[in-house]
Amino acid sequence: MMTDIEIEAIKDLLASPKKITIIPHRNPDGDAMGSTLGLYHFLVQQNHEILVMAPNEFPDFLAWLPASEKVVIFEKNTETCTEILNKSDIIFTLDFNALHRVGEIMERTLSKLDKTFIMIDHHQFPDSFAKYTFSDTKYGSTCEMVYHFIHQLNQQKLINKAVATCIYTGIVTDSGSFRYPATTSTTHRVVADLIDIGVENSKIHNQLFDTSSYSRLQLLGRALQNMKLMLENKTSYITLSQAELDEFNFEKGDTEGIVNYGLSIDGIDFTAIFIENLAEGIIKISFRSQGSFDVNQFSRSYFGGGGHINAAGGKSDKSLAETVIEFERIVKEIKK
Ligand code: 5GP
Ligand code: MN
């Protein structure tokens with residue numbers, strides 16, 4: 001929770017109309033888009049000028065979120081977006097806690113700004129770039145934190161169906177449909193309240209998980225066939241090369257969730273997926289674990305990323321083959 005002093009200061013700040021920009025992390029997921037759009041629908045009821053500005057495109061499976069069509073993309077409209085940022089009074093940063101998570105160019109722009117930053121986030125080790133920081137790793141999603149933030153402001157009456165729909169979406173996606181350990185009784189109480197407010201929960205699950213394309217399922221099939229087991233190290237991993245992505249007409253979001261299959265095998269407590277991105281010249285990596293193996297620490301130490309204990313991201317500048325060889329070597333060394 002934020003302190004009473006912080007909440008009072010934010011209330012004062014929001015008491016008069018402001019120009020507000022709300023920013024999710026780069027490659028935004030359900031929690032990043034849900035929390036930014038949820039906050040948007042909350043603040044838009046109070047005469048502020050508000051914009052959600054994503055560093056880059058968000059995936060199609062989130063394009064049904066209310067007001068997602070109004071989201072502006074920094075990397076596609078850098079000049080206009082920079083102007084907007086320069087004119088903003090308040091900048092909310094949601095679902096990330098270090099400015100580099102927005103990408104290099106946008107990071108440079110943001111770090112030059114002398115504005116009131118407000119951070120809401122649930123990752124470990126927050127940087128201190130914000131004037132007001134609501135950072136707590138015990139929450140399973142930033143969306144759940146936005147719900148509590150609105151309650152702390154004592155404005156829960158403004159949680160309408162649009163706010164609730166966005167918040168519900170991030171809670172579902174970041175909790176793996178309520179199955180990860182950070183899912184608490186409070187999470188379920190929040191969700192119950194959101195359903196009372198009018199969230200069409202079953203429809204949202206359908207929009208998120210039951211709207212695959214044929215090519216996406218074929219890509220999933222290839223990914224599963226590519227899975228390698230390192231049983232002695234309780235580890236599995238999947239690779240997808242750029243050629244394979246092209247073969248199955250990859251679109252943003254198509255690889256979402258594939259990493260989790262690696263953990264569903266008996267005897268595996270650590271898994272990774274390596275996805276080649278030729279345009280960016282990197283291998284994008286996702287790590288997942290079960291139990292005490294800390295993938296945030298693992299990614300920080302070896303693959304320039306981070307995240308949470310059981311879910312983290314990272315990257316590699318090496319080739320896909322070299323990255324995998326390096327990964328195997330590290331795993332054999334530290335997970336005997
Ligand atoms: P994903 O594997 O889905 O990209 O990311 C898993 C989790 O780790 C998410 O909560 C995501 O925000 C976080 N994450 C992904 N990449 C990075 C990174 O480079 N640095 C940090 N600190 N967190 C990351
Ligand atoms: Mn999140």
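What distance separates the centres of domain 1 and domain 2, taken over C-alpha atoms? The centres of the two domains are 27 Å apart. This is a predicted model, in which local features need pLDDT of at least 70, side-chain atom pairs count only at pLDDT 80 or more, and totals for chains, interfaces and linings use all residues. Residues are numbered from 1 along each chain as its sequence is written, chains are lettered from A and ligands numbered from 1 in the order in which they are written, and side-chain values use heavy atoms, without hydrogens and water.

**Domains**

- The domain assignment gives domain 1 as 4-209 and domain 2 as 214-334; such bounds come from an automatic or database domain assignment.
- Between them, 15 residues of domain 1 are in contact with twelve residues of domain 2, where contact means heavy atoms within 4.5 Å.

**Manganese site**

- The manganese ion (ligand 2) has Asp-31 (OD), Asp-95 (OD), His-122 (NE2) and Asp-174 (OD) as protein donors, at 2.2 to 2.4 Å.
- Donors are N, O and S atoms within 2.8 Å of the metal (3.2 Å for Na, K and Ca); water is not among the atoms, so sites may look incomplete.
- Along the chain, the donors of this ion follow the spacing D-x63-D-x26-H-x51-D.
- His-122 sits in the loop between strand E5 (116-121) and strand E6 (132-135), and Asp-174 in helix H6, so the pair ties together parts 52 residues apart in sequence.
- Helices (H or I, at least four residues) and strands (E, at least two) are DSSP runs, numbered from the N terminus.
- His-122 is buried, with a relative accessible area of 2%; buried means under 20% relative accessible area, exposed over 50%, and partly exposed in between (1.4 Å probe, protein chains only).

**Helix H7**

- Helix H7 (residues 185-197) has 13 residues and reaches 18 Å from its first C-alpha to its last, close to the 18 Å expected at 1.5 Å a residue; the expected span is 1.5 Å times one less than the number of residues.
- Thr-187, Val-190, Val-191 and Leu-194 are its buried residues.
- They cover an arc of only 95° around the axis, which puts them on the same side of H7; the arc is that of the directions from the helix axis to the C-beta atoms.
- The buried residues of H7 pack against helix H5 (142-152) and helix H6 (161-174), while the face turned away from them carries the exposed residues Arg-189 and Asp-196.
- At the start of H7, a side-chain oxygen of Thr-184 reaches to within 3.2 Å of the backbone nitrogen of Thr-186.

**Helix H12**

- The 15 residues of helix H12 (residues 320-334) should span 21 Å at 1.5 Å a residue, and the end C-alpha atoms are 21 Å apart, which agrees.
- Buried in H12 are Leu-320, Thr-323, Val-324, Glu-326, Phe-327, Ile-330 and Val-331.
- Seen down the axis, the buried residues of H12 fall within an arc of 160°, so they line one face of the helix.
- The face of H12 turned away from the buried side carries the exposed residues Ala-321, Ile-325 and Glu-333.
- The elements that the buried residues of H12 pack against include strand E9 (270-277), strand E10 (282-289) and helix H11 (295-302).

**Gly-304**

- Gly-304 lies in the loop between H11 and strand E11 (306-307) and is exposed, with a relative accessible area of 54%.
- Leaving aside neighbours within four places in sequence, Gly-304 is in contact with Ser-299 and Lys-315.

Conventions. Polar contact = N/O pair within 3.5 Å; in protein donor to acceptor, adjacent residues only side chain to side chain.
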